[in-house]
Amino acid sequence: MDWFPFLNSLRIAGISTVIVFFLGIFAAYYIAKAPRLVKGALDVVLTMPLVLPPTVVGYLLLRLLGPKRPIGAWFLETFGLRLTMTWWSAIFATAVVIFPLMYRTARGAFEAFDETLAYAGQTLGLRNTYIFWRIRMPSCRQGILAGTVLAFARALGEYGATSMLCGYTPGRTATISTTVYQLWRTNDDALAFRWVLVNMAVSAAVLLAVNMLERKQKTGRRAS
């Protein structure tokens, strides 16, 4: 059994999660402070990939990153980099798909934060950067961690946008999801089922982690 699809899925999910972790926190922090109308408009735009079919997301990305499209053509001519049909092309797809999960969860955590703690830090002369990383983030860590784990799990199982942007090439772009589909197409049900079991095992572990984080968060709220 070739474990490349599993390892490739892990690195794609890991890199995508790191990217959306910082982007999601940044967007959630500033949008949570925005006026209601601005917040509503940005919410619609940033959450759209969550409700769109993954294949639609993949199609839109192809319209931007394809070798004959504006961004893709520029990268190809300037740097000789092709933004599609490579293993790291899937990072673009998964990052766009999982971003709303990280953003919405982080924003909810920030909105539940007791702002009097930040005001108290400001009266003591603490810098906003210090307040954010040493006061706000620790207070919101359970919600942010839950969003991070969910984003990673979603990235690990992404298929629609990934298959459109990087395709399926054994040993190069194959992921767990694209491998299962390819094995099903070739009537190799036994091996496809093994990969399904692998994916289910990883997903179960991730969901258990999320449940533990939520339980810990509820326990912390009761204790406080």
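**Conventions**

The structure is a predicted model, in which local features need pLDDT of at least 70 and side-chain atom pairs count only at pLDDT 80 or more, while totals for chains, interfaces and linings use all residues. Residues are numbered from 1 along each chain as its sequence is written, and side-chain values rest on heavy atoms, with hydrogens and water left out.

**Stop 1: the whole chain**

Display the protein as a cartoon. It has 10 helices and 0 strands, in the order α-α-α-α-α-α-α-α-α-α along the sequence. Helices (H or I, at least four residues) and strands (E, at least two) are DSSP runs numbered from the N terminus. Along the principal axes, the C-alpha atoms fill a box of roughly 65 × 40 × 30 Å.

Next, colour by accessibility. Of the 224 residues, 39% are buried; buried means under 20% relative accessible area, exposed over 50%, and partly exposed in between (1.4 Å probe, protein chains only). The protein exposes about 12800 Å², 65% of which is supplied by carbon and sulfur atoms; the areas come from the Shrake-Rupley method with a 1.4 Å probe, and for residues only the protein chains shown count as cover. Among contacts (heavy atoms within 4.5 Å) with a separation of 6 or more, 71% involve residues 24 or more positions apart.

**Stop 2**

Select lysine 39 and glutamate 111, whose closest N and O atoms are 3.6 Å apart. Glutamate 111 is partly exposed, at 41% relative accessibility.

Arginine 107 sits in helix 5 and aspartate 43 in helix 2, so the pair ties together parts that are 64 residues apart in sequence. Both arginine 107 and aspartate 43 are buried.

**Stop 3: helices 6 and 7**

Move to glutamate 115 and arginine 136, a salt bridge whose closest N and O atoms lie 2.9 Å apart. Because glutamate 115 lies in helix 6 (residues 115-123) and arginine 136 in helix 7, the pair ties together parts 21 residues apart in sequence. Glutamate 115 is partly exposed at 28% relative accessibility, whereas arginine 136 is buried at 5%. Return to the previous stop and select Lys39, Asp43, Arg104, Arg107 and Glu111: salt bridges that share partners join these residues into one network.

**Stop 4: two loop residues with positive phi**

Select methionine 85, in the loop between helix 4 (70-79) and helix 5 (89-111). Its phi is near 60 degrees, a positive value in a residue other than glycine. Methionine 85 is partly exposed, at 39% relative accessibility.

Then select asparagine 187, in the loop between helix 9 (176-185) and helix 10 (189-223). Here phi is about 65 degrees, positive although the residue is not a glycine. Asparagine 187 is exposed, with a relative accessible area of 66%.

**Stop 5: the second largest pocket**

On a 1 Å grid over the protein atoms alone, a pocket is an open set of points with protein on both sides within 12 Å along at least five of seven lines, a cavity is a set where a 1.4 Å probe fits but cannot get out, and lining residues have an atom within 4 Å of a point. Points are joined across faces, edges and corners, and a volume is the space filled by probe spheres set on them.

Select Phe21, Phe22, Ile25, Phe26, Tyr29, Tyr30, Asn128, Thr129, Phe132 and Trp133, which line the second largest pocket. Helix 1 (4-31) and helix 7 (128-156) are the elements that give two or more residues to this lining, and helix 1 gives the most, with 6. The pocket has a volume of about 200 Å³. Its lining has 8 nonpolar, 2 polar and no charged residues; Ala, Val, Leu, Ile, Met, Phe, Trp, Tyr, Cys and Pro count as nonpolar, Asp, Glu, Lys and Arg as charged, and the others, Gly among them, as polar.

**Stop 6: the cavity**

The search of the whole structure finds 1 cavity of 30 Å³ or more. To display the largest cavity, select its lining: Ser9, Ile12, Thr94, Ala155, Leu156, Glu158, Thr162 and Thr175. About 40 Å³ of space lies inside. Helix 1 and helix 7 each supply at least two lining residues, and by class the lining has 3 nonpolar, 4 polar and 1 charged residues.

Note on methods: Salt bridge = Lys/Arg side-chain N within 4 Å of Asp/Glu carboxyl O.
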